[in-house]
There are 2 protein chains.
Amino acid sequence: MAVKNAFYAQSGGVTAVINASAAGLLETARACSDKIGKIYAGRNGIIGALTEDLIDTSAESAESIRALRHTPSGAFGSCRYKLKSLEDNRREYERLIEVFKAHDIGYFFYNGGGDSADTCLKVSQLAGTLGYPVQAIHVPKTVDNDLPVTDCCPGFGSVAKYIAVSMLEASFDVASMAKTSTKVFILEVMGRHAGWIAAAGGLASSRDREVPVVILFPEIVFDQEKFLAKVDDCVKKHGYCTVVVSEGVKGADGKFLSDQGLRDAFGHAQLGGVAPVIANIVRNGLGLKYHWGVADYLQRAARHIASRTDVEQAYAMGKAAVEYAIAGHNSVMPTINRISNSPYAWKTGMVELSKVANVEKMMPGDFISADGFGITDQCREYLSPLIEGEDYPPYKHGLPDYVRLKNVAVPKKLAEFKI
Amino acid sequence: MAVKNAFYAQSGGVTAVINASAAGLLETARACSDKIGKIYAGRNGIIGALTEDLIDTSAESAESIRALRHTPSGAFGSCRYKLKSLEDNRREYERLIEVFKAHDIGYFFYNGGGDSADTCLKVSQLAGTLGYPVQAIHVPKTVDNDLPVTDCCPGFGSVAKYIAVSMLEASFDVASMAKTSTKVFILEVMGRHAGWIAAAGGLASSRDREVPVVILFPEIVFDQEKFLAKVDDCVKKHGYCTVVVSEGVKGADGKFLSDQGLRDAFGHAQLGGVAPVIANIVRNGLGLKYHWGVADYLQRAARHIASRTDVEQAYAMGKAAVEYAIAGHNSVMPTINRISNSPYAWKTGMVELSKVANVEKMMPGDFISADGFGITDQCREYLSPLIEGEDYPPYKHGLPDYVRLKNVAVPKKLAEFKI
């Protein structure tokens, strides 16, 4: 087997652990120098490949690569750039092959969600057709937890842990204040299509520490009357209530609740905020004092409270990608296969990309409680192991010692390409 | 010296470490059973004293009291209830003395901010007048960091750490995405009058790791044109920009930027939404893609990433309060006295409550950079030690193992009192 170079790119919204996958991949590939030569990374994801803006990862020390394991965000830059279909934009796919050929790249590792799995598959297919075979391996990543086949997606467990911890802490806070002040706290979380992240808020409550958490899932049409009755009930029973609301919650009219939000003092619509909409509903409907927060990027960047399970799985996916490539596999994705819930056990598996691309995994119906505001025991059994364990980054002067890479550019060999 | 019982109450907005002060106080008092008998806590703060709703802390195990050190929020309940002036509501002060007398309470420990320092002082004065002397000791607590004399206030260091860590993480995230997506991230933080918490966002940037952080202080009148120029400059230079905005930022008209006409129980403007206002300004003025978050309660409840310095100081203040009481002091507050910046050293001091009550410490003018959007080296030297060190709580099933106390009520001896 001839030594070939490798290309790695990060795609879409970044997470607390996508760099842990990069660390697993780079450390494993570096140890296989008889099979894999240089490892190039795309600056700002696939755009780096299209524009031949490659990063030479060999310029980074072993220590820096190791530090990726505890550094959130995308160390090489990511991008939101979806390649069109092969029919609509064959030019871009051909360009990728051209760049790979110019730099003797035989391995394409693409770290992302559903869209990048699809791109990965197409690149591999076209490469064969064009007579320059490239082994394309997709490395799963998405806080949305919506990739099929794999039990969970790296990135999700850490967001879930952040939201569960935050909801627990905010609930303790509100409980302290409820007698004379705030009685309802509302936290807006990510998840436009599926309620995986919102569901994690439900973990703040457990059998031995009941917390009145009300969850608003994007899967459930918002029913104002039912919601207010639920909140009222919680406040009457517990003195307070915490609400976790998915950004994707819709009303009966099919519109995002956040679309009809507050207007500020200047008459501007306040975009992106379903939490203040819910807060107003609580105020107007029940007259209760509330506070609200919006976690936004904090939730997916919170490496300081990452799930150890998630970090280990993210690293393992990067490692497995290289191992599968060296074993000769193509158009595949490593997966996390759950063996048992309690004690939690999992192993690395593999799936054909054709079974992953363009398939979105939704939350099972039996994960949402009958009243639509909570999670079931099945959901709890699924989620709990994913937030298990802590994996603290090192600190310096009170702050996490996250690494910034040198990101040295590889000299270009081709003519400019406009995207 | 006769053995007297003690009363402890938590006041105002709770923090990640007010229970650490409670732990310091209770552990120290328990060890002095020859001087202090029972230690009662007010259920929901001072309201518990007024309504004779006392908690018998002796029902809690040593383990539970120890666990308070790592548990955020107010374990006995807090309240937003400010006693009126002695002239306007002598009845309430007299009631406090009546309750103290009925339960043989000779020590009054009040854990809070400026308002509670004032209450503490008045109770002590009136107790003397009424012939039932009570030693009143105020235990400092406020995320606003606005108590005078003491170098800093327990609760602030942990919020500062949370905001600095969050801004660092969000900045890494935005930097990864900026090429094709979000270029500006805006985080709204607490601080209605003083920019202490917003200033902490500036710690995300340092000499060896520059991050383009723009701070909007409540001390600086918002100038839209200057702000947009600053953001534009950052984005041009770094490709992205992160903004930390204090909830108390005002425009040239003197009105809160976030003001939507809501009022809280005290008649204060109900704030919480300046981030979307700033986001709209960025969108309309520069056409840049943005994201925004509102930390709200998460920032002050985030015991999971508390500053070790803050936890130690909070504990020390509770401990010192008891020691000062036993030494015979009255109408005093323990303070944190800074000895040196580097290496950071501090010791416990003491101040007369008359020098604390009704005095608000603002941020020094030379803490804000000349352009009004950053912090100076002086500010950095002051803030850095306060976020130093981590003090992780124990975890169980992936979540912090925070304690909930039994909070057993003490039998009442007096007639009902309406508040």
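Which residues in α1(B) meet which residues in α11(B)? The model examined here is predicted; local features need pLDDT of at least 70, side-chain atom pairs count only at pLDDT 80 or more, and totals for chains, interfaces and linings use all residues. Residues are numbered from 1 along each chain as its sequence is written, while chains are lettered from A and ligands numbered from 1 in the order in which they are written.

From α1(B), the contact takes in B:Ile18, B:Ala20, B:Ser21, B:Ala22, B:Ala23, B:Gly24, B:Leu25, B:Thr28 and B:Ala29. They meet B:Val311, B:Ala314, B:Tyr315, B:Ala316, B:Met317, B:Gly318, B:Lys319, B:Ala321, B:Val322 and B:Glu323 in α11(B). Two residues are in contact if their C-beta atoms, placed from the backbone, lie within 7 Å. The residues of this contact comprise 13 nonpolar, 4 polar and 2 charged. Ala, Val, Leu, Ile, Met, Phe, Trp, Tyr, Cys and Pro count as nonpolar, Asp, Glu, Lys and Arg as charged, and the others, Gly among them, as polar. Helix α1 spans residues 18-30 of chain B and helix α11 residues 308-326 of chain B. Helices (H or I, at least four residues) and strands (E, at least two) are DSSP runs, numbered from the N terminus. The two axes come within 7 Å and cross at roughly 35°. Axes are lines fitted to C-alpha atoms, for helices over the stretch in contact, and angles run from 0 to 180 degrees between N-to-C directions. The crossing of α1(B) and α11(B) is right-handed, that is, the near helix is turned clockwise from the far one by less than a right angle.

Confidence scores are as follows. The model has an ipTM of 0.97 and a pTM of 0.97. Chain A has an average pLDDT of 94, and 97% of the residues score at least 70. pLDDT is the predictor's confidence in each residue, from 0 to 100.

Chain A is assigned domain 1 (4-141 + 306-355 + 390-400) and domain 2 (156-301). These bounds come from an automatic or database domain assignment. The C-alpha centres of the two domains of chain A are 35 Å apart. In chain A, 10 residues of domain 1 contact 5 residues of domain 2. The domain 1 side of this contact has 4 nonpolar, 5 polar and 1 charged residues.

The contact between the chains takes 66 residues from chain B and 67 residues from chain A. On the chain B side, α6 (156-177), α9 (275-286), β9 (290-294), α10 (297-301) and β13 (399-400) each give two or more residues. α6(B) gives the most, with 13 residues. By class, the chain B side has 31 nonpolar, 21 polar and 14 charged residues. Of the interface residues of chain B, 94% are also interface residues in chain A, so the copies meet through the same surface.

Some backbone features lie in loops. A cis peptide bond joins A:Ser342 and A:Pro343, with omega about 0°. A:Pro343 is in the loop between β10 (332-341) and β11 (344-352) of chain A. In chain B, the peptide bond from B:Ser342 to B:Pro343 is cis, with omega near 0°. B:Pro343 lies in the loop between β10 (332-341) and β11 (344-352) of chain B. A:Asp296 is not a glycine, yet has a positive phi of about 40°. A:Asp296 sits in the loop between β9 (290-294) and α10 (297-301) of chain A.
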